Amino acid sequence: MRNRYNELRAISDSNSSRGSITTKILGNLKIKFPPLPTQRRIAAILSSLDDKIENNRRICNTLEADCQAVFKRWFVDYEFPDEQRRPYRSSGGRMIESELGMISGEVGGTTDKTVD
């Protein structure tokens with residue numbers, strides 16, 4: 001790869017400090033490609049990786065939606081699992097009035113006064 005860089009550097013025009021390669025220079029450049037079967041194997045691997053990336057994106061989106069649903073159910077709807085693994089509020093969990101509005105009556109494993 002370093003030899004290819006030096007080759008390109010040598011044929012680039014010297015009108016700037018960084019040099020540049022024109023389309024005329026590129027048109028005359030000889031580029032070696034691997035045989036067609038090798039190209040097809042490379043394409044198959046890259047396609048497989050693209051499929052895996054897309055599948056991982058779908059999985060991440062699904063997990064994100066699941067996490068948001070659990071967060072809402074537990075911390076907005078107060079349906080976190082109680083001691084018997086039942087949804088807290090709909091199983092009769094006690095709610096109390098607070099500065100923030102109605103919250104769970106369970107504080108550190110004890111129950112405060114309830115508001116019906």
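Which side chain meets that of K72 in a salt bridge? The partner is D77, at 3.0 Å from N to O. A salt bridge here is a side-chain nitrogen of Lys or Arg within 4 Å of a carboxyl oxygen of Asp or Glu. The model is predicted, so local features need pLDDT of at least 70, side-chain atom pairs count only at pLDDT 80 or more, and totals for chains, interfaces and linings use all residues. Residues are numbered from 1 along each chain as its sequence is written, and side-chain values use heavy atoms, with hydrogens and water left out.

By this rule, four salt bridges were counted. K72 is partly exposed at 43% relative accessibility, and D77 is partly exposed at 28%. (Buried means under 20% relative accessible area, exposed over 50%, and partly exposed in between, with a 1.4 Å probe and protein chains only.) D82 and R86 also form a salt bridge, at 3.1 Å from N to O. D82 is buried at 13%, whereas R86 is partly exposed at 39%. Shared partners link E54, R57 and R58 into one salt-bridge network. Within it, the closest N and O atoms of R58 and E54 are 3.8 Å apart. These two residues lie four apart in helix α3 (residues 36–76), which means about one helical turn separates them.

Strands β1 (residues 95–98) and β2 (residues 101–104) pair in the antiparallel sense over four bridges. Two strands pair if DSSP finds at least two bridges between them. Helices (H or I, at least four residues) and strands (E, at least two) are DSSP runs, numbered from the N terminus. β1 and β2 form a hairpin with two residues between them. I96 stands opposite I103 in β2.
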